[in-house]
Amino acid sequence: RDSVIVDGHYNAARNFPSVKKFRGAGFDVIVSPSVRNYNKIFPEWGRALTNIENLTLEGIRNGALGSLVSCWGDNGSYSFRQYNLWGYAFGASVAWNHKRTDRKALEAAFWRSLLGVEDSAPLVEANALLATLGRRFTLYDWWRQPMMGLSTSGPVRDKKEPLAAGRAMVDDMDRALDLLTKVDAVHNRWYLDLLTFAALSGRLLADKYSYNGEAESGAGIGILHERALGLHRGAHRLRARYSSLWRSLNHPSGLENNLRLWDRQLDGWAGAVQALTDGRLPQAPDISSRWIAPRGSSKAKRLRRPRSSYIRCEFNVAAGADSTLPEMLVQLMGESHGEAWLN
């Protein structure tokens, strides 16, 4: 009973019964909501603020020690942690005031304090527009090899309309960029540079959606070449800007990993441009393969209990005329541990 339970929930539910359950069992509890920044270009404020407020108030009602607003650095902490400041400020206000928070008034005060502006309205609107980049997992599409199409977890997952998503994102990001140029910050002007980078990133992702949509609809080589060339050049510029911002705000460790991801993206667009220049449609670099998986490996069943699986698969390989065997690749994926044996 000397353990402290950190009870983490990241959904926008109204109630969180586990807090009362842990307290009833005699444990001290710290509730832990999230800014919902993981695997995203920018935090998803809509559900994040509801999650922070409801879980924190649940903790207050049940005598929790406090609230720990969490963020995650999935895939190299690509999303700048400074984007999370509004979520932390909101979480602090809820935890200290013990009542429902006036979000509009608090956010206006937040921007006035952080940037020293008299009129916070442009920042409030821009922040909401940038939060649309937090819908689904935009980093999955952001880093995805350009010719692989769209991920099944990104913003286009449900409607599967990349052209429509791209057009909407262009409108949102252009509006955000226009609003940010009108902000006359007295303090912390570097934060405007960060917000501008997020908007430019959204703009580049919108162009990627447009490329994918036009490729799916059978657009001509000339149109795709123009798109791919623009994306390659835009990614070059944003890579340099990202590196500069990282070095101005963070220690250098961790930057190299993200720059490698940038370089892989640039290589993908360079290959597409070259193929289209040669009059060919670029091909996805995937390898023809088949899955071998245990029964009952769907998410719902997997979450019920930890499982170990032993999978045995027999296959025959025919030698060529010179008695040599063809090259084969096996990829093994496991939650925490995996071993593979051949013969």
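**Close-up 1. Asn-62 sits in the loop between H2 and strand S3 (66-67).** Everything here comes from a predicted model. Is Asn-62 buried or exposed? With a relative accessible area of 19%, Asn-62 is buried, because the cut-off for buried is under 20%. Look past the neighbours within four places in sequence, and you'll find Asn-62 in contact with Val-19, Lys-20 and Arg-23.

**Close-up 2. Here are three strands in an open sheet, in the order S1-S2-S3.** The pairing in this sheet is parallel. Strand S1 (4-8) and S3 take the edges, and each has a single partner strand, so one side of each is left without a neighbour in the sheet. If you're new to sheets, their strands pair through backbone hydrogen bonds, either parallel or antiparallel. Zoom in on strand S2 (residues 28-32) and S3: they run parallel, and two bridges join them. Check Ile-30 too, which stands opposite Gly-66 in S3.

**Close-up 3. Two helices, H1 and H2, lie across strands of the sheet.** Helix H1 (residues 17-24) lies across S1 and S2. How does H1 run relative to S2? The angle is about 165°. Now for H2: this helix lies across S1, S2 and S3, and it runs at about 165° to S2.

**Close-up 4. Helix H6 (residues 121-131) has a set of buried residues.** Which residues of H6 are buried? They are Pro-122, Leu-123, Ala-126, Asn-127, Leu-129, Leu-130 and Ala-131. And what covers them? The cover includes helix H2 (45-61), helix H4 (85-97) and helix H5 (103-115), along with helix H8 (162-181) and helix H9 (190-216).

**Close-up 5. H8 and H9 pack against each other at an angle of about 160°.** To describe two packed helices, you give the angle between their axes and the distance between the axes. For H8 and H9, the axes are 8 Å apart. The pair is therefore roughly antiparallel, because an angle over 145 degrees counts that way. H8 passes H9 in a left-handed crossing. What sorts of residues make up the contact of H8 with H9? They split into 17 nonpolar, six polar and four charged.

**Close-up 6. Ala-215 is a residue of helix H9.** Its relative accessible area is 38%, so Ala-215 counts as partly exposed. How far is Ala-215 from Ala-109? In sequence they are 106 residues apart, and in space they are 46 Å apart, C-alpha to C-alpha.

Key. Residues are numbered from 1 along each chain as its sequence is written. This is a predicted model: local features need pLDDT of at least 70, side-chain atom pairs count only at pLDDT 80 or more; totals for chains, interfaces and linings use all residues. Side-chain values use heavy atoms; hydrogens and water are left out. Buried means under 20% relative accessible area, exposed over 50%, partly exposed in between (1.4 Å probe, protein chains only). Helices (H or I, at least four residues) and strands (E, at least two) are DSSP runs, numbered from the N terminus. Contact means heavy atoms within 4.5 Å. Axes are lines fitted to C-alpha atoms, for helices over the stretch in contact, and angles run from 0 to 180 degrees between N-to-C directions. Angles under 35 degrees count as roughly parallel, over 145 as roughly antiparallel, 65 to 115 as roughly perpendicular and the rest as oblique. A crossing is left-handed if the near helix is turned anticlockwise from the far one by less than a right angle, and right-handed if clockwise. Ala, Val, Leu, Ile, Met, Phe, Trp, Tyr, Cys and Pro count as nonpolar, Asp, Glu, Lys and Arg as charged, and the others, Gly among them, as polar. Two strands pair if DSSP finds at least two bridges between them.
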